[in-house]
Number of protein chains: 2
Amino acid sequence: MAATETLTAERILEATEEVLRRYGPAKATVVDVARVLGVSHGSVYRHFRTKAALREAVTERWLERTIVALRPYVDGGQPADERLTGWLTALFTLKRRKAGGDPELMATFQVLIGENSAVVDRHEDHLVEQIAEILAAGRTEGLFAAPERDAKATARAVFDATDRFHNPAHAADWSSPAAEDAFTAVVSLVQRALRA
Amino acid sequence: MAATETLTAERILEATEEVLRRYGPAKATVVDVARVLGVSHGSVYRHFRTKAALREAVTERWLERTIVALRPYVDGGQPADERLTGWLTALFTLKRRKAGGDPELMATFQVLIGENSAVVDRHEDHLVEQIAEILAAGRTEGLFAAPERDAKATARAVFDATDRFHNPAHAADWSSPAAEDAFTAVVSLVQRALRA
DNA sequence: CCGATGACAGATTTCAATATTTGTCATTCG
DNA sequence: CGAATGACAAATATTGAAATCTGTCATCGG
């Protein structure tokens, strides 16, 4: 596997993801990444100052995909209340499928999440921002009441109230059949709270 | 430290708690517990079949204390909506004080929680039961609307929606000053959802 | 000139030998 | 007689020496 292509940050991130998938977060080393790419580990350090920075970048990429996947639910053509339910359901379904489909990968992901709380905080802000957009649209459409406190706080409250259904820390609960009902109940609670 | 008193399950549980506090969950051994009590470790096994059973009993005792501490908020003389806010605030304050005041003890507690999910599930059921009582009272008082689904599911939804503020998994977030506001926002969201 | 290399020091992890702990039970003690 | 003991086997944890990894940098090669 000689480096036929130029060594880019992008290629390193792909290789790192592969190594993390294959060996898990505890055993994945920079040397492994370099081996997959057919380069010396020194070359990896030209693109990422530390192993931690490399893992952080992978985490960021990973989280970014969720943001992109949820975008359609923010902009979609239905009424805002349906879009909100759709968005929340999509987020839950996405995470649950990931957790159920490949528990080991989810465990790896959770370790990265734990290592990079600053990245996660920024990611949460993005998600809250998307909720805020839906809520603002809902107010324009006359579906949602004007917020008692500032709009951002309400969006954050919706995010926090549904935490149990998107925070990977709770992934173990999602396989239970009761989880579906619990999710529906919380979403309906949230919808009642927002209704004009 | 001769066994001047009779060796009871109660005394063993107290000693186990002390050992867990002092050495943490990883280093606390049955031999340590026996040493504190001045007996042989074989005697401890007369009262608890396994180390796991002993830890489970400690966990149960620990959780029971929360139930007792919250009881007054269920029965208290104020209107039900205020009692609900009081109950939720008490739970959050209790947990937060525990987490902030002695982080190591909290970490120990979290390990026990993780080991004994069956006990935790039963504990959650008790808490949800307390919420359900307040909600039922609130309906009688005309403060809360009749539930769309069954009453138990609504109580569970309130519990789930506030998960971030009582689940020890989130203890790390509670020290942030934003946590207080986030909590207030979610409680106010829940109250709006329930209002008649 | 510029990206890649690999030798290197210090930090971290692995592994296998050693010690401790768990759980049992025949025996002792009151 | 029933509660407590402590010797014991099997499971688990600790330890420290050896191996590997991280991060740097002087040197190489296109």
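Predicted model: local features only at pLDDT ≥ 70, side-chain atom pairs only at ≥ 80, totals over all residues.
Start with the protein pair. The contact draws 26 residues from chain B and 26 residues from chain A. Together the two chains bury about 2300 Å², with 55% of that area on carbon and sulfur atoms. On the chain B side, Arg164(B), Leu189(B) and Arg192(B) supply 28% of the area buried against chain A, more than any other three residues.

In one salt bridge, Glu124(B) pairs with Arg164(A), and the closest N and O atoms are 3.4 Å apart. Helices α8 (151–161) and α9 (178–194) of chain B each give at least two residues to the side that touches chain A. The largest share, 10 residues, comes from α9(B). By class, this side of chain B holds 13 nonpolar, four polar and nine charged residues.

Now turn to the DNA. DNA strand D is surrounded by 15 residues, and the closest are His41(A), Tyr45(A), Lys51(A), Ser40(B) and Ser43(B). Lys51(A) places a backbone N or O atom 2.6 Å from a phosphate oxygen. Ser43(B) has a polar side-chain atom 2.7 Å from a phosphate oxygen. The side chain of Arg46(B) has an N or O atom 3.1 Å from a base nitrogen.

Both chains build the surface near DNA strand D: α2 (30–37) and α3 (41–47) of chain A, and α3 (41–47) of chain B, each supply at least two residues. α3(B) gives the most, with four residues. The surface comprises five nonpolar, seven polar and three charged residues.

Terms used. Residues numbered from 1 in each chain as written. Chains lettered and ligands numbered in written order. Heavy atoms only, no water. Contact = heavy atoms within 4.5 Å. Buried area = accessible area lost by both parts, 1.4 Å probe. Salt bridge = Lys/Arg side-chain N within 4 Å of Asp/Glu carboxyl O. Nonpolar A, V, L, I, M, F, W, Y, C, P; charged D, E, K, R; others polar. Near = heavy atom within 4 Å. Polar contact = N/O pair within 3.5 Å; in protein donor to acceptor, adjacent residues only side chain to side chain.
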